[in-house]
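Here is a quick walk through one model, written for someone who likes cut-offs spelled out. Take a look at the sequence and the coordinates before reading on.

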Amino acid sequence: MNAEELFEVAVKVIGLLSLGRGVGDLVSVISIALSQTTTSVTSNDYFTTLKWGIIYTCMGFFLIRATSFVVNFAFPYSEPEIEKDIAQESTNETENSN
């Protein structure tokens, strides 16, 4: 595995961990909201947990869905792409000169 592939795996793992954390926070908010007993959770704690649950969930979805964008941003041109572009340009030049 080269550095680009390892970075892609790392971004996906971070996305999954973030998604798991966000879903866990949202589940705890839902369980607090649906509990019929009084809890020692203040409204500030409730809304803070809800806010961070939404943020972590959105960030996790983004990292999972946009992994290729993040990898292309971190590694703008990899060696095979550069070689393929050079080969394509030389092919176009030979076609244009004929």
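## Overall layout

How many helices and how many strands does the protein chain have? The protein chain has four helices and zero strands, with helices (H or I, at least four residues) and strands (E, at least two) taken as DSSP runs and numbered from the N terminus. Reading from the N terminus, the elements go α-α-α-α.

A bit of housekeeping: this is a predicted model, where local features need pLDDT of at least 70, side-chain atom pairs count only at pLDDT 80 or more, and totals for chains, interfaces and linings use all residues. Residues are numbered from 1 along each chain as its sequence is written, and side-chain values use heavy atoms, with hydrogens and water left out.

Of the 98 residues in the protein chain, 17% count as buried. Buried here is under 20% relative accessible area, exposed is over 50%, and partly exposed is in between (1.4 Å probe, protein chains only). The protein chain exposes about 7500 Å², and carbon and sulfur atoms supply 63% of that; the areas come from the Shrake-Rupley method with a 1.4 Å probe, and for residues only the protein chains shown count as cover.

As for contacts (heavy atoms within 4.5 Å), take those in the protein chain with a separation of 6 or more: residues 24 or more positions apart account for 79% of them.

T67 sits in helix α3, which spans residues 67-74. Is T67 buried or exposed? With a relative accessibility of 3%, T67 counts as buried. Its side chain has a polar atom 2.6 Å from the backbone oxygen of L63, and the backbone oxygen of I64 lies 3.1 Å from a polar atom of the T67 side chain. Both are polar contacts, meaning a pair of N or O atoms within 3.5 Å; within protein, one must be able to donate a hydrogen and the other to accept it, and residues adjacent in sequence count only if both atoms are side-chain atoms. Setting aside residues up to four places away in sequence, T67 touches E8, V11, K12 and F62.

F62 belongs to helix α2 (residues 43-65) and is partly exposed at 44% relative accessibility. Apart from neighbours within four places in sequence, F62 is in contact with T67 and V70. F62 and G15 are 47 residues apart in sequence, yet their C-alpha atoms are 7.5 Å apart in space.

The rule asks for a side-chain nitrogen of Lys or Arg within 4 Å of a carboxyl oxygen of Asp or Glu, and the count comes to two salt bridges. K12 and E8 both lie in helix α1, four residues apart, or about one turn of the helix. K12 is partly exposed at 39%, and E8 is partly exposed at 31%.

The other bridge joins the side chains of R21 and D25, at 3.4 Å from N to O. R21 and D25 are four residues apart in helix α1, so about one helical turn separates them. R21 is partly exposed with a relative accessible area of 46%, whereas D25 counts as buried at 14%.

## Aromatic pairs

A pair of aromatic rings is described by the distance of the centres and the angle of the planes. Rings of Phe, Tyr and Trp (its six-membered ring) pair if their centres lie within 6.5 Å; planes under 30 degrees apart count as stacked, over 60 as edge-to-face and the rest as tilted. That gives three aromatic pairs. One of them is F7 with F75, whose ring centres are 5.7 Å apart with planes at 70°, so the pair is edge-to-face. This pair links distant parts of the chain, with F7 in helix α1 (residues 3-34) and F75 in the loop between α3 and α4 (79-97), 68 residues apart. F7 is partly exposed at 30%, as is F75 at 28%.

Y46 and F47 make another edge-to-face pair, because their ring centres are 5.3 Å apart and their planes are at 80°. Y46 is partly exposed at 23%.

## A nonpolar patch

M1, L6, V9, V13 and L17 form a nonpolar surface patch with about 520 Å² of accessible area together. Patches are made of residues with over 30% relative accessible area and no salt bridge: like charges are joined within 9 Å, nonpolar side chains (Val, Leu, Ile, Met, Phe, Trp, Tyr) within 5 Å. M1 lies in the segment before α1 and counts as exposed at 71% relative accessibility.
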